[in-house]
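The notes then turn to strands and packing.

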Amino acid sequence: MTQQIPRRAAVGLVAVGAACAACARYGGPQSPDEANQAGATQQQTGEVLGKAADIPVGGGKVFANQKMVVTQPTAGQFKGFSAVCTHQGCLVDAVTDGTINCPCHASKFKVADGAVSAGPATTPLPAMTVSVNEYGELVTGGSAPPGTADPGTTAPTTEETTAPGGTTEPQGGGGDVLATTDAIPVGGGMILQDQEIVLTQPTAGEFMAFSAVCTHQGCIVDAISGGTINCPCHGSKFKLDGSVSQGPATAPLSARTVKVSGDQISLA
Ligand code: FES
Ligand code: FES
């Protein structure tokens with residue numbers, strides 16, 4: 001049997017994903033999330049973020065769609081970080097007074113290197129690679145061509161950093177076997193932390209898959225109980241079809257495309 005489940009919004013999903021794996025792994029709202037490299041691990045390359053000139057020296061800018069923060073600690077020196085807070089996976093939302101700030105529990109990270117400036121986070125924001133192209137645009141990944149740096153500074157415009165986290169599983173991961181059908185309870189589901197995917201079986205033989213990234217503020221859902229998929233951060237619950245059962249989330253979990261072949265469920 002092969003069952004195709006349409007993907008509604010997978011873009012950017014992977015980036016956040018790994019980042020929050022720790023949320024689920026540690027299982028609770030108070031647990032640290034040092035795996036936040038999601039963005040870093042699955043960083044897309046070659047995407048234009050905006051003008052380098054829009055990044056204030058000594059400050060930075062949050063690119064929410066890409067779940068990335070770009071800072072300019074000193075003139076011409078651009079650095080990229082995952083925007084997924086290492087505390088519990090919320091997205092940082094502001095850069096002020098030299099720090100990158102998380103709205104959930106007030107963690108702050110230094111624009112210079114992503115290090116923790118104020119808790120409760122205890123681990124730095126994972127680095128992400130950003131470069132400046134010949135048009136003065138910030139581009140995810142890659143290297144800036146030589147000579148594109150601000151001539152007024154010796155600092156490179158390219159910050160090459162190695163994304164922590166290791167694996168570079170392709171988005172969509174076509175063909176990866178996620179689970180066997182008998183591992184997914186009818187009326188329940190399974191959370192695959194590493195892949196940041198939720199598999200459910202609302203009714204016998206009906207398999208669905210979703211991003212495990214909560215649509216509220218990006219934490220990773222960590223439990224399926226009572227017929228809902230539950231987020232540990234602020235109590236959002238999602239039905240087994242991904243729709244919101246309880247806020248504060250207002251948008252359904254993003255669907256992922258999987259296929260069922262025999263007893264194996266894999267990414268399409
Ligand atoms: S998620 Fe708690 S401070 Fe960011
Ligand atoms: S991130 Fe707030 S409820 Fe999930």
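Predicted model: local features only at pLDDT ≥ 70, side-chain atom pairs only at ≥ 80, totals over all residues.

**Confidence.** I first noted that pLDDT stays under 50 over residues 143-173. For this stretch I found 66 contacts beyond four places in sequence in the model.

**Overall make-up.** I counted two helices and 21 strands in the protein chain. Of its 268 residues, 47% count as buried. Among contacts with a separation of 6 or more, 56% are between residues 24 or more positions apart.

I next examined strand 3 (residues 68-74), which runs antiparallel to strand 4 and is joined to it by five bridges. The two strands form a hairpin with two residues between them. In the turn, G76 has a positive phi of about 85 degrees. Is strand 4 enclosed or open to the outside? Five of the six residues of strand 4 (residues 77-82) are buried, so this strand is largely enclosed by the rest of the structure. Strand 4 and strand 9 (residues 127-128) pair in the antiparallel sense over two bridges.

I then looked up an open sheet of three strands in the order 13-14-15, with antiparallel pairing. Strand 13 (188-192) and strand 15 (208-211) are its edge strands, each pairing on one side only. Neighbouring strands of the sheet are turned by 20 degrees against each other on average, direction ignored. Five bridges join strand 13 to strand 14 (residues 197-201), and G188 stands opposite Q201 in strand 14.

**The core.** Which residues touch the most other members of the largest nonpolar core? They are V69, V198 and L199, within a core of 57 residues. Domain 1 (29-140) and domain 2 (158-267) both give residues to this core, so it lies between them. I listed the contacts of V198, leaving aside neighbours within four places in sequence: G189, I191, A209, F210, A212, V221, I229 and L253.

Note on methods: Residues numbered from 1 in each chain as written. Chains lettered and ligands numbered in written order. Pairing = 2+ DSSP bridges. Helix = DSSP H or I, 4+ residues; strand = E, 2+ residues; numbered from the N terminus. Axes fitted to C-alpha atoms, helices over the stretch in contact; angles between N-to-C directions. Core = buried A, V, L, I, M, F, W, Y, C linked by C-beta atoms within 7 Å. Buried ≥ 20, exposed ≤ 12 C-beta atoms within 10 Å, placed from the backbone. Domains from an automatic or database assignment. Contact = placed C-beta atoms within 7 Å. pLDDT = per-residue confidence, 0-100.
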